[in-house]
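Here are some notes to read alongside the model.

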Amino acid sequence: MTDYTPLQQHAAPQAAPPRNGLGTAGFVLGLLGLVFSPIPIVGVVAWPLVVLGLILSAVGVARVRSGKATNKGLAIAGVIVSLLGLVVCILWTVVIGKAINDVNQEATAHHTIVYQVSGDAKAVDIDYSTFDRNTILINTEAGAAVPWTKTVEATGFLAGAQFTATAGPDGGSVSCKVIVDGKEAKTATAAGAGAVATCTGF
């Protein structure tokens, strides 16, 4: 009787799991940075996220090329979302920087405001106010003869100032005009006893 030695079957070695730690981390950080980047104030935290995400994703791509990692698609996606987040961060910085610069320029700008009253009313009551830095200058002239002109120098924002010319009880027409830095900003005309010409918001 012949003895047969059973053949031993060995299980095939399992394939090594994908090595994708750096690429995955870069993708996650880049995606978070892209999500946060358009949000005002919160977007500040996007800067380190997208930069770190870009670095880790780039290292992940390099590891794939050298055969040390197998997550090429995820690593490339990490590079893309990180770059997009970085572009949004840069655009926000430019926009915010320009807005701050414009506000600073307007707040320190020097302006020449000319108030004018014309018409055939014999006596006109005039009220005018001007913003000068953090102060509102309010002036009144009663029974002024027309034509009437007043020039005021001011620094800063001008929006919201007011200028009115009121005809006396004898009536007549009255017109107000505001010229800011050589350009006509507001004009209005009224007629009749006690008529009020109002130039507001220049």
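1. Which helices each supply at least two residues of the nonpolar patch? They are α2 (46–65) and α3 (72–108). Helices here are DSSP runs of H or I with at least four residues, strands are runs of E with at least two, and both are numbered from the N terminus.

2. A word on the source: this is a predicted model, where local features need pLDDT of at least 70, side-chain atom pairs count only at pLDDT 80 or more, and totals for chains, interfaces and linings use all residues. Residues are numbered from 1 along each chain as its sequence is written, and side-chain values use heavy atoms, leaving out hydrogens and water.

3. The protein has three helices and eight strands, in the order α-α-α-β-β-β-β-β-β-β-β along the sequence.

4. Back to that patch on the surface: Leu22, Trp47, Val51, Ile55, Val59, Ile90 and Val94 make it up, with about 550 Å² of accessible area together. (Areas come from the Shrake-Rupley method with a 1.4 Å probe, and for residues only the protein chains shown count as cover.) To join such a patch, Val, Leu, Ile, Met, Phe, Trp or Tyr side chains must lie within 5 Å, on residues with over 30% relative accessible area and no salt bridge (a Lys or Arg side-chain nitrogen within 4 Å of an Asp or Glu carboxyl oxygen). Helix α2 gives the largest share, four residues.

5. Take Val59, which lies in α2. Its relative accessibility is 35%, so Val59 counts as partly exposed; that class sits between buried (under 20%) and exposed (over 50%), with a 1.4 Å probe and protein chains only.

6. Now α3. This helix has 37 residues and reaches 54 Å from first C-alpha to last, close to the 54 Å expected at 1.5 Å a residue (1.5 Å times one less than the number of residues). Its buried residues are Ala75, Gly78, Val81, Ser82, Gly85 and Cys89, and they pack against α1 (21–36) and α2.

7. What about the strands? The largest nonpolar core has 26 residues, and Tyr115, Val117 and Phe163 have the most contacts inside it. (A core joins buried Ala, Val, Leu, Ile, Met, Phe, Trp, Tyr and Cys through side-chain atoms within 4.5 Å.) Strand β6 (173–180) is among the elements giving two or more residues, and its four are the largest share.

8. Leaving aside neighbours within four places in sequence, Val117 is in contact (heavy atoms within 4.5 Å) with residues including Val124, Trp148, Phe163 and Val174.

Definitions and conventions:
Patches are made of residues with over 30% relative accessible area and no salt bridge: like charges are joined within 9 Å, nonpolar side chains (Val, Leu, Ile, Met, Phe, Trp, Tyr) within 5 Å.
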